Amino acid sequence: MAAITAGAQTREIKFTEFDLPNGLHVILHEDHSTPIVAVSVMYHVGSKDEAKDRRGFAHFFEHLLFEGSDNIGRGEFSKYVEKAGGVLNANTNGDRTYYYEVLPSNQVELGLWLESERMMHARVEAKGIETQREVVKEERRQRFENQPYGSILPEVLRRAYTEHPYQWPTIGFMEDLNAASEKDYQTFYKTFYVPNNAVLVLAGDIDAKKAPDLVKKYFAAIPKGGTIPRTKIVEPPMKGEVRDVVYDRIQLPAVVEAYRIPAYGTKDFYAVDMLNRLLSNGNSSRLVKNVKDAEQKAVYVGSFSLPFEQPGLAIAFAIANMGVSADTLEASMERQFALVRDTPVSAAELDKLKAQVETEFISANARMSGIAENLASAYTFLDGTKQVDTEIEQYLAVTAADLQRVAKQYFVPQNRVVLHYLPQSQKK
Amino acid sequence: MDTPQALSLATLLLIPALMTAQVDRTKAPAAGPAPEVRLGEHKSFTLANGMRVIVVENHKLPMVSAQVRFDIPPVLQGDKVGYQDLVGELLTSGTNRRTKQQIDELVDGLGAQLNGGNDGLFASALKKNFPQLMDLVFEVVTSATYPPAEFEKAKTAMLTGVQARADDPDQIADVVGRALTYGKGFPYGEVVTEATLNKVTRAQVYAYYQYFFQPKIGYLVLVGDITEAEARATAEKYFAKWTGAHVPVTKDAADNDVVKDLGPIIKASAAPQATRPRQVAFVDRPGSAQSVIKAVFPVDLKPNDPMALQAQVLNTILGGGVFNARLMQNLREDKGYTYGAYSSLDADRWCGSFSAGCSVRNAVTDSAVTELLFEIGHIQEMPVTADELALAKSYMAGSFARSLEDPRTIARFALNTYLNDLPKDHYATYLKRLDTVSVASVQTAAQRFLHPDNAMVLVVGDKEQVANKLAPLSFTKSVVYYDMNGDLYREAFEMPPAGMTAQTVLDAYITAIGGKAAVEKVKDLRKEYTASMQGMTVTMTEYNAAPNKYAMEMRSGAMTLQKVVFDGTRGMASGMGGKKELVDTELQDVKEDAYAFPELHYADLDFAALLNGVVEVNGKKAYRVQVRSSGGGLFNEYYDQATGLKIRRVEAQASEEGTFQVITDFSDYKPVNGVLFPYTIRQNAGMDLTFSATAIEVNKGLPASTFTVE
């Protein structure tokens with residue numbers, strides 16, 4: 001390990017940060033190599049903060065917050081950005097909602113104005129609510145219902161959690177969105193879209209000395225919100241394996257295994273994440289090399305960890321090769337899981353994982369938009385913004401013993417959901 | 001007072017007036033002075049063997065990438081479509097020094113990337129690992145071995161992929177969309193199928209690699225944390241002495257190169273033109289939650305066309321990525337039909353293309369196609385607004401600047417300049433040229449490059465739910481059905497067992513519903529069905545009396561919607577629109593209905609029935625009987641092979657809007673007086689209607705007035 005870190009090529013992301021009196025955290029990263037600037041706001045609110053009967057609300061709300069504000073008419077938000085030569089978008093997951101613009105650097109103030117309008121007095125008309133409800137329904141159909149295997153995440157989540165709000169997908173359910181009323185919108189906005197629940201990032205061709213005044217100019221007037229309610233629900237351990245069959249409009253069976261894992265940022269999370277790389281990152285990884293290539297049981301196999309801020313999941317997913325049953329495929333995957341539980345990985349294989357992490361870490365900071373998001377995430381979910389530079393150490397610190405330990409602790413049958421996806425024609 | 005219902009979230013917040021006084025929040029802040037966009041530099045030189053090297057030095061990140069690219073023209077794959085994909089798929093599967101496994105271990109061990117393609121490869125790594133990766137890059141490009149065992153594996157995986165394509169509507173739309181754009185006689189329109197893949201041999205794949213991977217048409221592109229001197233040394237060390245494989249070539253009658261194992265190299269002939277009148281093509285994917293829609297046509301647009309930039313501006317305004325594009329604003333933000341609607345207008349050296357599309361819910365499929373076609377036509381007819389033009393130009397200028405964040409962009413520009421024969425300053429003058437694009441030139445581009453009347457409109461979705469409504473949008477007034485391979489759809493069928501004929505199927509049906517004796521005992525018949533249609537309950541009652549009297553009445557509540565009476569000779573139809581005597585085909589049609597069991601009377605009616613195979617209907621094997629009526633109309637009936645019962649009837653119905661397919665399914669058979677009748681009849685003619693029997697009465701006596709034609 002020492003050899004690797006000594007030779008590790010890293011790149012420090014320099015930044016400064018401060019809080020406004022209203023609680024807004026601000027991070028600045030100055031880089032003049034391209035005359036652009038990323039302006040972004042991460043709100044610490046996601047689908048796990050939704051009420052049980054308002055599933056999908058955080059994501060729906062994200063759509064609504066492009067509708068306008070007291071000073072921005074319906075549809076004008078994107079027009080300002082695109083007219084200035086910029087791009088904009090947003091996304092939501094279980095834990096946070098992230099909005100960003102990438103603008104020519106002479107338009108940084110436009111970005112600040114837009115984001116401050118969104119935070120200060122967003123405004124949504126009935127036409128906007130109705131239209132976006134339809135748009136979200138189409139998003140749901142397009143991404144989940146009309147895709148083969150598209151229902152995997154929702155089907156896994158509802159079986160992997162019984163208490164915690166992670167049990168529903170971020171896209172939510174239409175009946176809940178249909179039921180939402182004006183009061184819901186106001187409460188959600190007032191509770192979560194407040195400066196003390198947000199981090200603002202400026203990354204790119206800015207003057208970090210002048211930027212704080214610009215930020216204050218637009219954001220200082222926004223009043224601080226109340227204490228942010230956080231879900232206290234702790235999901236109890238699984239009482240044993242949950243196993244089920246899902247019939248889908250598919251021809252090739254698939255196997256999904258979801259293991260409950262510790263929260264993002266914990267020591268074991270990094271070990272589990274490294275284990276997932278061992279299993280499926282690259283052609284020489286265990287699952288790809290054996291299940292797909294040598295045994296030819298699968299046409300696709302992958303495994304990844306969901307980096308949730310409360311205990312999440314590691315999901316392995318494989319699509320069967322022609323003529324291979326789900327049972328045969330699962331047995332082939334299980335041999336690989338058993339192997340990581342029973343046998344420590346070699347030094348060479350561990351070095352390979354570290355080399356992969358190192359490259360990923362550097363490429364993740366190739367663009368301003370990526371740097372902005374990494375800074376915001378590090379501040380929101382990790383032990384301080386500096387983790388944008390130091391998080392890699394936690395990956396590099398993972399030992400062969402750690403890998404085997406977490407494999408034995410988490411990648412075991414009693415801690416998982418197993419789904420077999422089968423063609424509808426096999427339904428009895 | 002009528003005001004838009006607005007939801008003001010601000011009312012809940014206390015906004016300190018004093019603090020905001022300094023900022024005028026009511027309007028967007030002014031932009032600062034425009035920053036200078038600096039186009040990075042590239043260096044380029046040619047090796048002795050003809051290979052061109054492009055270098056872009058950028059030390060921001062400690063990473064280096066290498067791309068090798070061969071300038072290969074599109075070549076027809078004919079009956080062996082798929083072999084060119086395997087050229088790329090297998091490029092990194094073995095060299096004269098390493099097995100696939102060793103290559104994989106090395107790449108992953110370096111934390112590197114190595115992706116093969118059928119015209120070269122891309123590799124990247126941290127600077128410290130780059131020299132080792134470069135050894136491998138050279139080895140793969142010059143001495144790939146295409147091991148037979150790996151070939152078999154990759155082919156099987158690809159066959160599985162072709163099979164799985166049927167499950168993915170986006171993939172189907174992509175593949176069929178290309179076939180419809182270019183036609184299957186042009187390389188871009190060829191479709192890989194199980195049949196074509198099964199003809200592919202390893203020798204052919206290897207021969208293609210050897211024939212085309214040649215230094216004289218090769219480029220090596222090095223980008224990143226590497227100096228020009230280092231790049232030169234790298235290029236020289238590896239590639240300068242490479243001669244390429246020696247491949248003997250003969251000529252065929254058409255002067256094509258002929259290569260052993262590969263056959264004649266048939267390059268793309270004349271580019272396809274958008275000349276066909278607009279058609280609606282449909283690929284059925286039963287049970288789809290959405291329809292995937294595309295309007296496509298080929299375009300005569302090369303990258304060095306003087307109007308190429310205008311074409312790009314045009315597409316940005318129409319649907320090219322900006323949120324304020326017309327397709328997005330119309331279909332998403334105004335109508336809420338879709339999550340996103342986009343268009344592309346791509347320049348290409350061999351054949352350009354246009355595509356516009358979106359995924360929409362079933363119910364609005366026809367409306368979405370209408371809007372899509374409207375927008376393509378409208379932008380030709382009316383000039384774009386100055387505002388739209390300004391937004392598109394700013395957006396494109398901004399994208400140009402943003403793209404320069406990645407040093408590979410400069411290399412891509414340089415490579416494009418060589419490959420597409422662009423002026424040397426093509427990219428250096430990009431922003432200046434963009435600035436001069438005018439409203440008028442965008443309209444000229446629209447008129448030159450868009451062909452809405454010659455578009456192929458492709459819909460992948462649930463035929464029963466949406467197909468019929470699309471016929472009016474086709475200039476041929478009908479929907480043409482395709483399979484997922486882009487070929488005209490032919491219902492899969494098996495030959496019927498020996499000895500079976502249409503007559504034996506019809507006889508078996510009569511036996512199944514109770515037998516000829518029981519059926520002939522039916523002297524009169526009253527069938528009452530109800531259905532719910534757009535919130536109202538509709539009752540349909542049919543009356544038959546032997547030998548051939550018929551009446552039908554459709555009512556909603558006390559209101560008669562439609563009434564038909566036939567006394568055995570004359571027929572009369574009445575409804576909301578008045579009353580008229582039935583003549584010609586209408587009279588012929590009612591004669592069929594006049595028999596309580598027309599299947600017994602096809603000969604009397606002068607109908608010709610033909611057994612046309614065994615097909616699958618709703619998961620059941622069924623005999624398909626094709627019937628040509630005396631009036632010349634054609635319909636298909638489907639009889640369950642297991643039970644003998646009629647389960648479906650499909651007929652085409654012409655109307656002014658176009659030709660519709662009416663599918664009628666019969667189920668839930670129950671006996672009345674020893675004869676089975678379907679208690680559920682589901683009819684689909686674009687809209688689903690399910691009729692449930694509320695009364696079926698046999699031989700209860702019907703008043704003579706029931707059949708009186710007045």
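**From a buried valine to the chain interface**

Leaving aside neighbours within four places in sequence, V406(A) is in contact with D268(A), A271(A), V272(A) and L275(A). The model in which these contacts occur is a predicted one. V406(A) itself belongs to helix α16 of chain A, which spans residues 400–410. Because 26 C-beta neighbours lie inside 10 Å, V406(A) counts as buried; the threshold for that class is 20 or more other C-beta atoms within this distance.

Five strands make up an open sheet with mixed pairing, in the order β8-β12-β9-β11-β10 (chain A). Its edges are β8 (242–248) and β10 (298–305) of chain A, each of which pairs on one side only. From one strand to the next, the twist averages 15 degrees. Helix α10 of chain A, residues 267–280, packs on this sheet and touches β10 and β11 of chain A. The direction of α10 makes about 170 degrees with that of β10(A). Helix α11 of chain A, residues 286–294, also lies across β10 and β11 of chain A, and runs at about 160 degrees to β10(A).

The largest nonpolar core contains 200 residues, and A318(A) and V205(B) touch the most other members. In soluble globular proteins, nonpolar side chains tend to be buried together. Not counting residues up to four places away in sequence, V205(B) touches Y83(B), L86(B), V87(B), L90(B), Y146(B), F151(B) and V200(B). There is also a second, separate core of 73 residues, whose members include V26(A), V102(A), A378(A) and L404(B).

At the level of domains, the assignment for chain A gives domain 1 (14–219) and domain 2 (242–426). The C-alpha centres of these two domains of chain A are 28 Å apart. Their contact involves 32 residues of domain 1 of chain A and 29 residues of domain 2 of chain A. On the domain 1 side, at least two residues each come from β2 (25–30), β3 (36–43), β5 (97–104), α6 (152–160) and β7 (198–204) of chain A. That side divides into 18 nonpolar, 8 polar and 6 charged residues.

Chain B is divided into domain 1 (43–166 + 188–264), domain 2 (279–482) and domain 3 (502–707). Taken over C-alpha atoms, the centres of domain 1 and domain 3 of chain B are separated by 63 Å.

The final topic is the contact between the chains. This contact takes 75 residues from chain A and 81 residues from chain B. Elements giving two or more residues to the chain A side include α3 (76–83), β5, α4 (108–121), α5 (126–145) and α13 (347–363) of chain A. Of the contributing elements, α5(A) gives the most to this side, with 9 residues. The residues on the side of chain A that touches chain B divide into 27 nonpolar, 26 polar and 22 charged.

Conventions: Residues numbered from 1 in each chain as written. Chains lettered and ligands numbered in written order. Predicted model: local features only at pLDDT ≥ 70, side-chain atom pairs only at ≥ 80, totals over all residues. Core = buried A, V, L, I, M, F, W, Y, C linked by C-beta atoms within 7 Å. Buried ≥ 20, exposed ≤ 12 C-beta atoms within 10 Å, placed from the backbone. Contact = placed C-beta atoms within 7 Å. Domains from an automatic or database assignment. Helix = DSSP H or I, 4+ residues; strand = E, 2+ residues; numbered from the N terminus. Nonpolar A, V, L, I, M, F, W, Y, C, P; charged D, E, K, R; others polar. Pairing = 2+ DSSP bridges. Axes fitted to C-alpha atoms, helices over the stretch in contact; angles between N-to-C directions.
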